[in-house]
Amino acid sequence: MQRAACVGQGGDPSPNPHVGCVIVDTESGEVIAEGHHQAAGKAHAEVQALEAAGARAKGATVYVTLEPCNHHGRTAPCVDALIRAGVSRVVVGSLDPNPHVEGGGVERLRAAGIQVDTGVGERETSELIEPWRRYITRGRSFLSLKLAMSLDGRIASRTGASKWITSAESRAYSHKLRANHDAVMVGIKTVLADDPRLTVRALEARNPIRVIVDSKLRLSSDFRVVKTSRDVQTCVITTDVADRQQVALLERHGVAVIVVPRTADDRCDMRAALAELAKREVVSVLCEGGSELAGSLLAGRLVDRLHAFIGPVLLGPRALAGATDWAGPGPLEEAPRLVDPRWELHGTDAYVTGTVHYPEPKVAPAEPE
């Protein structure tokens with residue numbers, strides 16, 4: 001199952017989940033074939049592996065990271081292919097959490113006389129589908145937050161210098177993170193300050209959709225994300241205060257404009273924004289700043305996974321904004337924390353990633369009457 005989870009990391013199947021499959025000779029344990037879901041509309045992992053195995057699939061054991069589908073979508077049900085191939089056993093990592101389709105893949109296989117075991121390697125397989133599972137069950141895009149900061153948590157010196165706080169290795173890995181998400185998101189202040197391209201340049205991969213959060217619609221045709229919007233899909237999240245002429249101008253350049261409700265402080269409602277992106281089949285979003293947007297997302301308990309790069313440099317308390325700008329928790333026990341954080345070295349930088357857990361705020365005891 002660990003091998004199936006590793007194989008399943010390949011491909012670009014969004015808005016479908018990553019799935020891996022390994023077919024093994026039941027008697028000898030020899031790996032016969034393997035497959036992964038390459039892209040939406042193409043063969044699922046099980047079908048790809050069965051086609052590679054051919055006649056050797058009969059009587060074999062199939063390890064698959066996600067419960068085989070039992071419904072017609074862009075492709076035919078995988079359970080039908082497994083039954084036709086005559087496999088003897090199917091080992092499933094995670095059950096299908098999709099509430100919008102008919103389940104029953106495991107039941108169909110058992111009814112056909114195939115032995116089915118579930119929950120094997122569930123930790124690895126659950127992590128593989130984590131973004132898709134949250135997207136499909138909550139109706140909003142899975143949100144990763146990337147931070148690049150100094151040892152004392154600053155993102156620029158007091159004069160505004162920020163290139164480069166982190167190493168070349170960290171920046172290359174950041175491009176890999178972009179390529180692994182459907183969209184990359186920044187706030188308008190980042191665009192105004194840096195005029196970024198927000199494309200993947202350190203490896204051969206598709207560019208994610210570029211999302212600019214701009215409540216007052218200050219984005220103009222002077223910036224690179226607008227000039228190149230017909231080459232790389234680009235959208236802007238704004239509110240009803242946006243100037244209609246500016247909306248029309250951006251749309252003429254090929255920028256999609258998404259209007260969401262305003263918050264009490266006249267910012268974009270980011271929960272609504274993530275729901276709107278999900279409606280457009282954006283499964284995962286990587287937010288790269290700035291500090292106000294990052295703080296708003298943390299305050300709204302919307303960040304699902306954190307990626308933090310920490311450079312070995314000190315910028316001092318008078319440096320510009322910290323990595324996140326928000327009020328933060330009161331008691332330490334209410335602070336968001338990373339679940340099972342993974343630490344690595346990227347060049348000279350420390351890198352940490354993990355799922356963000358938000359403790360429930362403590363309710364003060366009622367005053368005695």
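**View 1. Thr190, a buried residue of helix α8**. In this predicted model, Thr190 has a relative accessible area of 16% and is therefore buried (under 20% relative accessible area is buried, over 50% exposed and in between partly exposed, with a 1.4 Å probe and protein chains only). Thr190 sits in helix α8; helices (H or I, at least four residues) and strands (E, at least two) are DSSP runs, numbered from the N terminus. Skip the neighbours within four places in sequence, and Thr190 is in contact with Asp195, Pro196, Gly289 and Gly290 (contact means heavy atoms within 4.5 Å). A word on the model: it is predicted, so local features need pLDDT of at least 70 and side-chain atom pairs count only at pLDDT 80 or more, while totals for chains, interfaces and linings use all residues. Residues are numbered from 1 along each chain as its sequence is written, and side-chain values use heavy atoms, with hydrogens and water left out.

**View 2. The largest pocket, with Thr190 among the residues nearest its centre**. About 1,500 Å³ of space lies in here. On a 1 Å grid over the protein atoms alone, a pocket is an open set of points with protein on both sides within 12 Å along at least five of seven lines, whereas a cavity is a set where a 1.4 Å probe fits but cannot get out; lining residues have an atom within 4 Å of a point. Grid points are joined across faces, edges and corners, and the volume is the space filled by probe spheres set on them. The lining of the largest pocket runs to 50 residues, with Thr190, Asp194, Glu288, Gly289 and Gly290 nearest the centre. Sorted by class, the lining holds 20 nonpolar, 13 polar and 17 charged residues (Ala, Val, Leu, Ile, Met, Phe, Trp, Tyr, Cys and Pro are nonpolar, Asp, Glu, Lys and Arg charged, and the others, Gly among them, polar).

**View 3. The second largest pocket and its α7 residues**. This one holds about 1,100 Å³ of space. Its lining has 37 residues, and Gln9, His18, Glu127, Leu128 and Asn180 lie nearest the centre. Elements giving two or more residues include α1 (2-7), α5 (122-128) and α6 (130-138), but α7 gives the most, with four.

**View 4. Helix α7 and what covers it**. The 12 residues of α7 (168-179) should span 16 Å, and the end C-alpha atoms are 17 Å apart, which agrees (expected span is 1.5 Å times one less than the number of residues). Ser170, Ser174, His175, Leu177, Arg178 and Ala179 are the buried residues of α7. Their cover includes β6 (142-149), β7 (183-187) and β13 (337-346). Val200, in the loop between α8 and β8 (209-213), is in contact with His175, Arg178 and Ala179, among others. At 10% relative accessibility, Val200 counts as buried too.

**View 5. The ring cluster of Tyr173, Phe309 and Tyr351**. Rings of Phe, Tyr and Trp (its six-membered ring) pair if their centres lie within 6.5 Å; planes under 30 degrees apart are stacked, over 60 edge-to-face and the rest tilted. That rule gives three aromatic pairs. The Tyr173 and Tyr351 rings have centres 5.2 Å apart and planes at 65°, so this pair is edge-to-face. Tyr173 belongs to helix α7 and Tyr351 to strand β14, so the pair ties together parts 178 residues apart in sequence. Tyr351 is buried, at 0% relative accessibility.
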